[in-house]
Amino acid sequence: QARATLLRWRDDPVAFVREVFRIEPDAWQAEALAAFPHHERIALKACKGPGKTCLLAWFIWNFLTTRYHPQVAATSITEDNLNDGLWPELSTWQQRSPMLLDQFAWTKTRIFCRAAPSTWFASARTWSRNADAQRQSATLSGIHAPHVMFVCDESGDYPRAIMATAEAVLATGEETKLVQA
């Protein structure tokens, strides 16, 4: 029963959001969620305030919940933006789900499956704006698993080195995803 539910949620992230968080996504969010299982790249463009960060959090929770030993790296244009935006949003949605609270631990820089903390996680990654390209690209390096996702919030002004590393992951693993907003 549990396996069947996880497989259904993997194929239908809209159902995941409805059943795990008990909320109805906006139409545009539902459209993006429905596309998620079928595309390795998802790009979102919208004005401030429509729910992009919320949607990124739902993508991350769906990926963490419905894959076996997934690894997610999340970054943003600044460390403050990540620490004040996407990362607390992940906590907000975890608080709405007894299942996520039971199965996952949230910290200031990492979310991990309690049963496999070193191999089943999402991590907050930042880079120094004045670092050279090699150091910037190292921000997203070190993620290796059959199921890998990079989430790039506010990616319009990312250095090329960051995006090159994120795109390189698409050639590795069993399932890879790059989500940009």
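I began with cysteines, taking a disulfide as a pair of cysteine sulfur atoms within 2.5 Å. This is a predicted model, where local features need pLDDT of at least 70, side-chain atom pairs count only at pLDDT 80 or more, and totals for chains, interfaces and linings use all residues. I number residues from 1 along each chain as its sequence is written, and my side-chain values use heavy atoms, with hydrogens and water left out.

**Entry: cysteines**

I found zero disulfides in the structure. I then looked up burial, where buried means under 20% relative accessible area, exposed over 50%, and partly exposed in between (1.4 Å probe, protein chains only). C152 is buried at a relative accessible area of 0%, and C54 is buried too, at 12%.

**Entry: aromatic rings**

Next I turned to the rings. My rule pairs rings of Phe, Tyr and Trp (its six-membered ring) if their centres lie within 6.5 Å; planes under 30 degrees apart count as stacked, over 60 as edge-to-face and the rest as tilted. By this rule I get eight aromatic pairs. One of them joins W9 and F16, edge-to-face, at 5.4 Å centre to centre with 80° between the planes. F16 also pairs edge-to-face with F21, at 5.7 Å centre to centre and 90° between the planes. W9 and F16 are both buried, and F21 is buried as well. Which residues do ring pairs link into a cluster? I noted W9, F16, F21, W58 and W93.

**Entry: charges over rings**

Here I count a charge as sitting over a ring if NZ of Lys or CZ of Arg is within 6 Å of the ring centre and within 35 degrees of the ring normal. R110 has its charged end over the ring of F121, 3.8 Å from the centre. K177 does this with the ring of F36, at 4.8 Å from the centre.

**Entry: S76**

I finished with S76, in the loop between β2 (71-75) and α5 (79-94); helices (H or I, at least four residues) and strands (E, at least two) are DSSP runs, numbered from the N terminus. S76 is buried, with a relative accessible area of 2%. What does its side chain reach at 3.4 Å? I see the backbone oxygen of D153 there. Leaving aside neighbours within four places in sequence, S76 has contacts (heavy atoms within 4.5 Å) with residues including R125, W127, E154 and Y158.

Conventions:
A polar contact is a pair of N or O atoms within 3.5 Å; within protein, one must be able to donate a hydrogen and the other to accept it, and residues adjacent in sequence count only if both atoms are side-chain atoms.
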